[in-house]
Amino acid sequence: TSFKCRKKPEAPPGPKICYHYPGEDTTKAMLEPPESSGVHTTDAVNKAWKMKVEKFTRIVTYFGGGLVVGGVATLLRRSVQEYCPPGSFQWSKLCDPTAWFEEE
């Protein structure tokens with residue numbers, strides 16, 4: 001059983017931990033990051049502006065598409081009501097397949 005084993009297993013090697021920036025002089029009393037690290041440069045303003053423009057474009061596109069689909073649906077409804085007013089269509093013919101074709 002495992003209770004009879006008296007030798008403890010060795011721990012796996014830990015990760016290499018570095019408490020300084022790459023390229024930094026570690027012998028100084030006060031550790032400072034290198035000046036040309038590029039950490040403090042960002043393009044967040046331009047990216048945020050592009051994201052806002054893309055969101056606005058997407059919203060305008062959805063609104064425009066809704067206007068087009070709604071306009072087409074309204075025109076079709078009015079044209080159907082004009083050429084085929086309510087009560088003029090015989091629904092019994094549509095629901096009866098034997099009446100779909102004229103008899104010879």
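Which helix is Leu76 found in? Before I answer, a caution: what you see is a predicted model.

Leu76 belongs to helix α1, which covers residues 44–83.

Start with its length. α1 is built from 40 residues. From its first C-alpha to its last, α1 reaches 58 Å, close to the 58 Å expected at 1.5 Å a residue.

Next, how many buried residues does α1 have among its 40 residues? The count is zero, and the helix is hardly covered. For the protein chain as a whole, buried residues make up 1% of the 104 residues.

Back to Leu76. Its relative accessible area is 51%. The cut-off for exposed is over 50%, so Leu76 counts as exposed.

Leu76 also takes part in a surface feature. Together with Val68 and Val72, Leu76 makes a nonpolar surface patch of about 270 Å².

Last, the total surface. The protein chain exposes about 11,100 Å², and 63% of that area is supplied by carbon and sulfur atoms.

That is the end of my part.

How values were computed: Residues are numbered from 1 along each chain as its sequence is written. This is a predicted model: local features need pLDDT of at least 70, side-chain atom pairs count only at pLDDT 80 or more; totals for chains, interfaces and linings use all residues. Side-chain values use heavy atoms; hydrogens and water are left out. Patches are made of residues with over 30% relative accessible area and no salt bridge: like charges are joined within 9 Å, nonpolar side chains (Val, Leu, Ile, Met, Phe, Trp, Tyr) within 5 Å. Accessible areas come from the Shrake-Rupley method with a 1.4 Å probe; for residues, only the protein chains shown count as cover. A salt bridge is a side-chain nitrogen of Lys or Arg within 4 Å of a carboxyl oxygen of Asp or Glu. Helices (H or I, at least four residues) and strands (E, at least two) are DSSP runs, numbered from the N terminus. Buried means under 20% relative accessible area, exposed over 50%, partly exposed in between (1.4 Å probe, protein chains only). The expected span of a helix is 1.5 Å times one less than its number of residues.
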